[in-house]
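This report describes one protein chain, first as a whole and then at selected residues. The sequence and structure are shown below.

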Amino acid sequence: MARVREAEGDPDGALDLLDQAQRVYTGDFSPNVRPIPALRARVLAAQGRIGEALAWAREHGLSAGDDLTYLREFEHITLARLLRRLLEAAEAGGRMGSVIEILALQALTHQARGDVPAGLAALERALTLAEPEGYVRTFAGAGPPMAYLLRRLAKRRTVGEYARRLLAAAGRAGAAGPSGPGRPAPAGQGLADPLSGRELDVLRLLASDLDGPDIARELSVSLNTLRTHTRNIYAKLGVHSRRAAVRQAAELNLLSRARDR
């Protein structure tokens, strides 16, 4: 009914119905893949009430860097819509600093959804706007997923040199991060947050035909421990699937290093 009210041009009526729905909603064992608060945020965004819609994202701890799962996919698509509306408002107001930041977030959101071309397009536009102003932290401090996109853009003539400078800055920041002073990162990885020895072991087996339980047995670890290592590998490589991890590892020459261990 709320969707009908919205289609009829009555967003306030739609919000009233969604509020009623939230009060009477009772969950069961089925996953709630289209949560009412996310629907409400979409109606608010369509009205231009972006601040209220973003309050929903903050309240539910949503960000562009989250691991994507089916259970929260609807919420993340809603977040992507909010970013688009924010971008339109920032562009109309000439707030270029906000435009650059929103484009960077859009790039990460697209990548998290598996749409790398859209992520690269958003990031290339962000870099084109950011280079004359010398932005660094917005990109260099955004973690492995951003580093992955920057590596892809480093091959392009338009923003390649700037992307390489940002990657170098990200590498310097990572050197003072988890590895810490006096604990140099493994050489030759080309990652802001290099893979540990155990993660290299897991990566080597991810490139094999073994399934998860077989890999866990091969490494004498529990399946939960294997999943933790795999999530860390995906985050550091800026990918979201086994196939993508193996492909990215091959590009970085990590598989030969893993086999040499």
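## Overview of the chain

The chain exposes about 14,200 Å², of which carbon and sulfur atoms supply 51%; accessible areas come from the Shrake-Rupley method with a 1.4 Å probe, and for residues only the protein chains shown count as cover. This is a predicted model, in which local features need pLDDT of at least 70 and side-chain atom pairs count only at pLDDT 80 or more, while totals for chains, interfaces and linings use all residues. Residues are numbered from 1 along each chain as its sequence is written, and side-chain values use heavy atoms, leaving out hydrogens and water.

The secondary structure comprises 15 helices and zero strands (DSSP runs of H or I with at least four residues, and of E with at least two, numbered from the N terminus). Of the 261 residues, 40% count as buried, meaning under 20% relative accessible area; exposed means over 50%, and partly exposed lies in between. Among contacts (heavy atoms within 4.5 Å) between residues at least 6 apart in sequence, 59% join residues at least 24 apart.

## Two residues

Phi of Ser 220 is near 60 degrees, a positive value in a residue other than glycine.

Definitions and conventions. Buried < 20%, exposed > 50% of the residue type's maximum accessible area, 1.4 Å probe, protein only.
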